[in-house]
Amino acid sequence: MEIFTTRFGKVTIDAEDILLFPHGLFGYEENQHWVLLADADNPAVGWLQSVSRPGLAMAAISPRRFVPGYHLRVDRAELASLQLGKEDKTYVLSLLSNHEGALTTNLRAPVVINLSRRLGRQVVTSDEQPLQHVLAAGPISLRKSA
């Protein structure tokens, strides 16, 4: 199937690549269907692209790649909608942003994906993770294509 995006143009995806976020993402609760796109130039960055809103894409990383001691601590109730079973594979992402001229990632509100069931949820950690963890200082521009 094809989706149209303002950032990446026309993108061909498999229907089974679509992730369902029953609660959406914070601030985008009405956008429940997303696809994770790889960045062709930077294997450390992925893009969560809304399937229904062409102009909505968010850069994301694996927080453990940049913060080796990162551990996700979250109340089990927050993960209930992911229908996690013992055999299910999960993946944790944190969203990138440009905050006051620095590239930052939000470790307090990561995205958890049940890869086996294609379900996702943005959660709030139950410990004191930094809201804006600086990855790089100075002017940074994220690539605008996948």
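**Notes on the model**

1. Arg 121 is buried, with a relative accessible area of 18%; buried means under 20% relative accessible area, exposed over 50%, and partly exposed in between (1.4 Å probe, protein chains only). Arg 121 forms a salt bridge with Glu 78, with 3.9 Å between the closest N and O atoms. A salt bridge is a side-chain nitrogen of Lys or Arg within 4 Å of a carboxyl oxygen of Asp or Glu. The pair links distant parts of the chain, as Arg 121 is in strand S10 (residues 119-122) and Glu 78 in helix H2 (residues 76-79), 43 residues apart.

2. On the basis of these notes: the model is predicted, local features need pLDDT of at least 70, side-chain atom pairs count only at pLDDT 80 or more, and totals for chains, interfaces and linings use all residues. Residues are numbered from 1 along each chain as its sequence is written, and side-chain values use heavy atoms, with hydrogens and water left out.

3. The protein chain has two helices and 11 strands, in the order β-β-β-β-β-β-α-α-β-β-β-β-β from the N terminus. Helices (H or I, at least four residues) and strands (E, at least two) are DSSP runs, numbered from the N terminus. Of the 146 residues, 42% are buried. Of the contacts (heavy atoms within 4.5 Å) between residues at least 6 apart in sequence, 56% join residues at least 24 apart.

4. The largest nonpolar core has 14 residues, and those with the most contacts inside it are Phe 8, Val 11, Ile 13, Leu 37, Val 45, Trp 47 and Leu 96. Strand S4 (33-38) and strand S6 (57-61) are the elements that give two or more residues to this core; the largest share, three residues, comes from S6. A second, separate core of 12 residues includes Leu 19, Trp 34, Leu 95 and Val 111. A nonpolar core is a set of buried Ala, Val, Leu, Ile, Met, Phe, Trp, Tyr and Cys residues joined through side-chain atoms within 4.5 Å.

5. The structure holds two aromatic pairs. Rings of Phe, Tyr and Trp (its six-membered ring) pair if their centres lie within 6.5 Å; planes under 30 degrees apart count as stacked, over 60 as edge-to-face and the rest as tilted. Phe 8 and Trp 47 are edge-to-face, 5.6 Å centre to centre and with 70° between the planes. Phe 8 is in the loop between strand S1 (2-5) and strand S2 (9-12), and Trp 47 is in strand S5 (residues 46-50), 39 residues apart. Phe 8 is buried at 14% relative accessible area, and Trp 47 is buried at 2%.

6. The other pair is Phe 21 and Trp 34, whose ring centres are 6.4 Å apart with planes at 70°, so this pair is edge-to-face. Phe 21 lies in the loop between strand S3 (19-20) and S4, and Trp 34 in strand S4, so the pair ties together parts that are 13 residues apart in sequence. Phe 21 and Trp 34 are buried.

7. The whole structure has four salt bridges. One of them joins Asp 88 to Arg 117, the closest N and O atoms being 3.0 Å apart. Asp 88 lies in the loop between H2 and S7 and Arg 117 in the loop between strand S9 (111-114) and S10, so the pair ties together parts that are 29 residues apart in sequence. Arg 117 counts as partly exposed, at 42% relative accessibility.
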